[in-house]
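Biologist: I have not seen this structure before. Could you walk me through it?

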Amino acid sequence: MSNNTPSSNHFVAPLEETPLVAIDAVKVGDRPSNLWIDAWRDMRRRPMFWISAAIILLVLIVAFFPNLFTQVPPNDNCQLSNSNGAPTGEHILGFTKQGCDVFSRIIHGTSTSLSVGIIVVILTTVLGILFGMFAGYYGGWLDSVLSRAGDIFFSIPYILAAVVIMSVFSAYRNVFVISLAIGIFAWPATARVLRAEILRVKNSDFVMAAQALGVSRFRILIRHVLPNSIAPVIVVTTISLGAAIVAEATLSFLGVGLPNSTMSWGNDISQAQTDLRTAPQTLIYPSLALSITVLSFIMLGEVIRDALDPKARAQR
Amino acid sequence: MAGYIFRRILQAIPVLLGTTFLIYFMVFAMPGDPLLALFGDKTPNPALLERLRQEYHLDQPFIVQYFLYLGGILRGDFGTSFSGEPVSAILARTFPVTIRLAIMALFIEFVGGVLIGLVSGLRKGKLFDASALVVSLIFISLPIFVIAFVGQFIFGIQLGWARTTVSSGAPIQDLILPAFVLASITFAQIVRLTRASVIETQSLDFVRTAYGKGLTRRRIIPVHILRNSLIPVVTYAATDFGVLLVGATVTEGIFNVPGVGRTLYQAIIRGEGPTVVSFVTVMVLIYLVVNLVVDLLYGLLDPRIRYVK
Amino acid sequence: MKIRRLGIGAIALAAASALALSGCASGSSDTPTGSSSAVITANGSEPQNPLIPTNTNETGGGRIIDSLFAGLEYYDATGAPQLDVAESIDTDDSQTFTIKIKPDLTFTNGDPVDAQSFVDAWQYGALLSNEQLNSYFFEDIEGFSYDEDSPLTGLKVVDPTTFTVTLKEPRADFPLRLGYSAFYPLPKSAYDDMDAFGQAPIGNGPYKLASDDAWQHNEKIDLVVNDEYTGGRKPANGGVTFVFYASQDAAYADLLGGNLDVLDAVPDSAFGTYESDLGDRAVNQPSAVFQSFTIPERLAHFGNDEEGKLRRAALSMAINRDEITDVIFQGTRTPASDFTSPVIDGWSDSLEGADVLKYNPDEAKKLWAQADAISPWGDTKFQIAYNSDGGHQGWVDAVSNSIKNTLGIDASGAPYPTFAEQRTAITDRTIQTAFRTGWQADYPGLFNFLGPLYATNASSNDGDYSNPDFDALLQAGSSTTDTAEANDDFQKAQEILLKDLPAIPLWYSNVTGGSSESVSNVEFGWNSVPLYYAVTKS
C-alpha cells in the first residue's frame, strides 16, 4: 500500500519503518508452538518431570508388553488351596482369594486400567473443552444452550448413569463401554471449570489488547484466552484420570464392572475388599499400583501446568 | 439481574425434560422385567404377571409410559412404589436427609480443601505442598467403598467415636462420619484447584502492587489472593454439591443413610419408573437452583463478570 | 494451620494402620437395665410389598408379618408345626380337611378371629384380580384358577369356629403348609381399604404395631407386645424394632458397634472374622436354603441323553465343594448331599447315587472323555450365569476355576447386572448358559424342594426337566397320609434326580448370625429367621 503512495505526503512514518509493527508482527504472526517450545524448555529442567515421565513410560511398557514382566498366567491354574496365600519364589506378591497370582494380575491389569483412565480423560477433555470454551467465551444464547446441555448430563450422577449404561450393555462389557459409561456423564465438570476460567480471563488486559489490534474473536479465543485458561483444566483432568480408574473399581463393587476374566486393578480392589481385615495385602498391592500411576499423572499435570503458565515461570 | 434469573428459570424447563427423558429412557432400556424380580427365584403365573404389568403401565410403549409419569408429576401425583408408599412421601423423607449430609460434606471439603490448598500454593514446592499432594493422593486412589469400610471400622467399631450406621431420623452427629467419607473424595480436587489458582493469582499485577504498597501478608492473602482464587473452586464445589446430592450411593449404602442415593439406586435396580422419574425431577430442580446461585456468586467474587446484558 | 495438618496426618495414619489391622472388636456398649419390657432391635430390610400376608413373599416383610399375625399353626425351632390359632386339623383322605379354631380370639382392633376371617382372607389371596404374589399357595384348593377370577369352592364355613377345605387332589403335606404366612387370617376392617391396611396392618399375633405410623419406610418398624395373644409364641421381651439395612455389612457393623441386638445374616466380608468377633454369640447352623446351578436341556451337549448325563455328572464331580465352602464361605455353607436341606424332616445324606456330588477329578475326566467320544466338546465355553447384585461372584468364580482346572475346559462366570434381568432371561428361556438357582423352602417339607422345581411343567422348573418316573413318585408321595411312606417316595424320586442332574446341587446355605451381649436365648427357626418372641434382653 505504501509503495503506491509518496512518502512525503505522510506525517506519520510508513508502516514498514515503524518499530512497533515489527514487534506486533512477531506477536501476531509467530506460531503458537512458541508457547509449547517454551514449556518444553522449562519442563526438561525439572526433576519432577523426568520422574513422572519415567514412571508413566514404565507403566505404558507394562501395559503393552505384560509378558516381559511375568511368566505366570494371570487367570489360569488358580487353585483355591492357595487362597490369600503368602508369597512364594515364583509368586512374589502371594495369591488372591481365588488363588490367582497377585503380581501377574496386577501386571496384566495395567493395560485395562490405564486404558479406562485415558479413554475417559480424552472423552471428558475433548467434550469439556468444546462445551466450556464456546459457552464461556461467546456467552449469550450459545452459553445458555451449551451450559444447559451440560446440566442435563451433569445433574445425573455419573456412577448411577454408569450403572444403568453398563446394565443396558451388559452383553458388551469391555474397556470401551465402561469408559464411555464413566466419561459420557463426567465431562460437564471439565466444561464448567473451563467456562468459569474463561469468563475470568476474557476480560483481561491482554485480551482487550488483542481486540484492539483487530485480531478475530475466534483467533483470540484459540491463541490467547484458551491457553491462559487451561491450567485448572489440566489439574482437573489429571485428577479425573485417577478418578476414572477408581470409578471402574466402584462399578465392580456395585456389580456392573468388567467381567472377572478381564484383569483390572479396579476388579481386584473390589474383590479384595471383602477380605480387608483378614488379607489386606490383596487389597494393598493393586491399590499401590493405582496410586503410583495416578501420582505420576498428577505430577506430570502439575509440571505441564506450571510450564504453560508464563507468569508462574517468571517467578522462579 | 431479575431478567437474568427469569431467563435461567425458563431454561430450566428443557433441562428438566431432557434429564427426566434421558434417565427414564435409560432405565426403560435396561433389560429385564422388574416385576419378575418381585417373585424371587420363583416363577410367577403368566396371568398374574400380565395384570401387574397393566397396573404399573409396563405394557405400554416407552413414550406413553414416560408421559404418563410426567403428566402425573405435573398434576402433583408422583405415583406409588412397589411397596405401596406414595413416591411423594419417599421424596419428603429422603431429600432432607441427603441435603443435610451433602451440606455437611461440602462444608468439610470446602473449608479443609481451601485452607490446605491455600497454604500449598503459598509454599509451592515446600514440604507442606509435597505432603499435601501425597495425602490427597491417598484419598483419590482409594475407591470410596474402601475408605468407607475402613472409616466405619476404625471410628465406629474400634474407637467407638461415631455410630457405625446412621440411626433413625438421621441426626447430625450420626452423619459426621459419612460426611467426612464423602468429603474425602473431592477434598483432593479442591486442594489442587485452590493451589493452582492461588499460584496463578499470586503472580498477578494487583498482588504485586499490594505488596509494593507495603500491605501485610495478613491482609493480602485473604483479601487479594484468596478472594480472587476462589472462582474455579466455587464452581467445582457447586457442581460437587449436585454430585453429593445423589452420588452418595455407595456411602449411603455402607452407613445405611436413608437418603436419596440409596433409594434412587434401589429404584433404578428394581426398575421402578415412577420413583426414578420423580427423584430425578426433584434432583434436577435443586441442581439448577444451586447452579443459578453459583453463577450469581461469581459476580460477587469477581466484579468483572457481569450478567446484565 | 498446624491443627489442620495434624488432623489430616492423623487420618492418613489411621487409614494406613487400618489396612494392617485384623484384630477383633471390643463390643462395649452401655448395658440397659434388664426387664421383660426391654425392646430388642433386630436387622431387617425394607419390605418390598405392602404388609399383606398373601402379598409378602420375601424375608424383609415376612419376618414382620410373622410377628404381627398368628395362623392356624406356627413352626417351632426344629421346623415342626405347632397349633397356634387352630384347635385341631383333621383329615381322613388328605383331600378334605376339617379345621377347628380356638374360640373367642380377636384381632387387636376387636374384630373376631373366626372361621370366616380365614376363609375370607384365603379367598382374597387367591383371586386373580387381587394380584397377590402368594396366590399360588391356594392352587391345590378346589375352585382355584390362575387364569380368571374364580372363588375357592373348596372352602366351607361350618360354624364360627369350624371350616372345611377340599383340595383338587390329595396332598399329604397340606397341613404342614398351613403355618406359612399366606394362610393367615385378616380382620374384616382390612377389606375396607386394603392399601391403608398394607401400610398399617392389624393382626392377631404375638406383636402389634407400636402406632399407626410405626412403619418408617426404609428406616425401621416398631412392634410392641400384643397382650391379647394367647398362643405358643408368648413374647419374653417388650417388643421388637426391625431396623432396615441396605446392606448386611452395615447391619454387621451395627452389631459390633452395639447398636443391634439380633443379626441373622453375616456379610461375606466378615466370614473370616465373625466367630472371633462374636465368640459364643455367633450362630452358624444349616438352614432350609438349597443352592445349585441349572443346565437347561436345550443347551448343546446337555440334552436328555447319554452325552448330557455324562457331562452333568462330570461337571458335578469336577467341583471341589468341600474346598469352596471352606475357603470362599469359611464354613458358612454345608456341601450338598441331596436336593433338599438337612433341617427338613426325612433328609438323608446317604441316597443312592449321591457319590456324584463328591469331588472326584479322575472320574470326572473319564466321564468327560466318554462324552467327548459321543460328540466332541471342542473349545466351547462353559458359563454359569449369576446376578452380580447378590454377592455371587466369589463362588461362581471358584466353581468355574474348579471345573476349568479339572476338565481343562474354558469355564467362567457370566454376570447379569440385576436380579430382574437374570430372572427375565431364565423365564423367557433366552438364556444360553447354565445359571445359578436357589430355593428357600416356604414350609418345612421335602415336597416343597422337589415339586415346584423338577415336576414336569412345574412353575419354577426353569430347566424344563421332565421325567415321568420322577413325576409318578412325587404323586405317590403326595397322596399318601403316612409321612414316613411319603418321605420314602420323595427320596426315591431324588435318586432319579441324582442320575439326571437337572440341577447340580452345590451346598446348603447356613444361617449365620449373632447377637449382642445384652440379649440371650437367641434361637433360629428352620427358615433362618430368629425366633424373636423367645429372645430376652437384660
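Predicted model: local features only at pLDDT ≥ 70, side-chain atom pairs only at ≥ 80, totals over all residues.

Biologist: How many residues of chain B are in contact with chain A?
Modeller: On chain B there are 55, in contact with 49 residues of chain A; contact means C-beta atoms, placed from the backbone, within 7 Å.

Biologist: Which element gives the most to that side of chain B?
Modeller: H1(B), with 10 residues. Helices are DSSP runs of H or I with at least four residues, strands are E runs of at least two, and both are numbered from the N terminus.

Biologist: How do the residues on that side divide?
Modeller: Into 38 nonpolar, 13 polar and four charged. Nonpolar covers Ala, Val, Leu, Ile, Met, Phe, Trp, Tyr, Cys and Pro; charged covers Asp, Glu, Lys and Arg; the others, Gly among them, are polar.

Biologist: Now the sheet. What is the strand order in chain C?
Modeller: E4-E5-E7-E6, an open sheet of four strands with antiparallel pairing. Strands pair if DSSP finds at least two bridges between them.

Biologist: Which are the edge strands?
Modeller: Strand E4 (86–91) and strand E6 (155–159) of chain C, each pairing on one side only.

Biologist: And how many bridges join E5 to E7 of chain C?
Modeller: Five, between antiparallel strands. Lys100(C) has Thr162(C) in E7(C) as its bridge partner.

Definitions and conventions:
Residues numbered from 1 in each chain as written. Chains lettered and ligands numbered in written order. Contact = placed C-beta atoms within 7 Å.
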